[in-house]
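Here's a quick briefing to read with the sequence and the 3D view open side by side. Take a look around first, then work through the points below.

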Amino acid sequence: MRYRRLGSAGLKVSELSFGGWVTVGQQIDEETSRQCILTAYEAGVNFLDNAEAYADGKSEIVMGRVLKELRRESLVISSKVFWGGEGPNDEGLSRKHITEACRNSLKRMRVDYFDLYFCHRPDPNTPIEETVRAMDDLIHQGLILYWGTSEWSAQQIMEAYAVARQYGLNPSQMEQPEYNMFTRKRVEKEYARLYMQIGLGTTIFSPLASGVLTGKYNDGIPKGRARHSKATSG
C-alpha cells in the first residue's frame, strides 16, 4: 500500500480507503463488515471513512465495534456532519448541530477523536463564520484533528479559508468530492488553483461511479436495487 500526504498537512493516508456508505450497517451484515474492514486493514488501508448519515448512524456503530480490535494510532478515522435526523436542529452546519453530531458520532464509533471531520455539504442557512468557528472549537477541544468539506464549490472553500485566516482560526484542510470518469471537472479544473494556493487535499468518493464503471449494471439495475441518491452520497 502506498500513502500520500493530505494536501499540505503532515498526515499520511492510504491511497485506498474503506468507506461505510451504502454497505456497512445496511447492505451487508455485521460479520461481513468486520471481515471486510480487517482485510482492508491487513492490506495496509489506514483510512476508514464514515458519516452520521450512513444507515442513520448504524454504519458508525458497526464500524466502531471493529475499531476496538485495531490499534487506534495506526488509523485515520473520519466522519461527516450534515444529515442527522428530522428535528429542526438535527441537520445542517450550525454550531449546535456540529457540536452534538460530532460527540454522538464519536460515541457510536467508540473513539475519543476523529482524525478528519467533514462538513458533508454546504449549508446556505448558516453563516460560514459560524461553521468555521464551530470546527475550530472542536479542534481546540481535542475532538478532531483536521476539518474539511464535501461537495463544496471552490468559492465556498475559499470563503471559509478567508474567514479562518481573518480571525486566526484553523482553516479547512481537505475536500471530499465525487471523482470518477464521469465526474472530473471539479477535481481537475475547479479546485486546481486551491491545491497550491491553500494546500487543499482531497479524499474522493465513488471512484467507480457507484459500481457503474465495473460493468455490473450493463444488463440493467437489478430489482430492488436503490438508485443513486444525492442526499446520502459521499
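In which helix do glutamate 100 and lysine 96 both lie, and how many residues apart are they? Both are in helix α3, and they sit 4 residues apart, or about one turn of the helix. Keep in mind that this is a predicted model.

**Salt bridges along the helices**

- Searching the whole structure turns up 13 salt bridges.
- One of them joins glutamate 100 to lysine 96, with 2.7 Å between the closest N and O atoms.
- Glutamate 100 has a relative accessible area of 35%, so it counts as partly exposed; lysine 96 is partly exposed too, at 42%.
- Over in helix α4, glutamate 129 pairs up with arginine 133. Their closest N and O atoms are 2.9 Å apart, and the two residues are 4 apart in the helix, about one turn.
- Glutamate 129 has 30% relative accessibility, which makes it partly exposed, and arginine 133 is also partly exposed, at 28%.
- Helix α6 (residues 185–190) holds another pair, arginine 186 and glutamate 190, again 4 residues apart and about one turn of the helix. This salt bridge has its closest N and O atoms 3.2 Å apart.
- Arginine 186 is partly exposed at 25% relative accessibility, and glutamate 190 is partly exposed at 31%.
- Salt bridges can also link up: Arg2, Arg4 and Glu15 form one network through shared partners.

**A negative patch on the surface**

- Asp56, Glu86, Asp90 and Glu91 come together on the surface as a patch of negative charge.
- To find glutamate 91, look at the loop between β5 (76–81) and α3 (95–109).

**The nonpolar core**

- Nonpolar side chains tend to be buried together in soluble globular proteins.
- Here, the largest nonpolar core is made of 47 residues. Phe114, Tyr117, Met135 and Ile144 have the most contacts inside it.

Key
Residues numbered from 1 in each chain as written. Predicted model: local features only at pLDDT ≥ 70, side-chain atom pairs only at ≥ 80, totals over all residues. Heavy atoms only, no water. Patch = residues over 30% accessible without salt bridge, like charges linked within 9 Å, V, L, I, M, F, W, Y side chains within 5 Å. Areas by Shrake-Rupley, 256 points an atom, 1.4 Å probe, with all protein chains shown as cover. Salt bridge = Lys/Arg side-chain N within 4 Å of Asp/Glu carboxyl O. Lys, Arg positive; Asp, Glu negative; His and termini not counted. Charge placed at Lys NZ, Arg CZ, Asp CG, Glu CD. Core = buried A, V, L, I, M, F, W, Y, C linked by side-chain atoms within 4.5 Å. Buried < 20%, exposed > 50% of the residue type's maximum accessible area, 1.4 Å probe, protein only.
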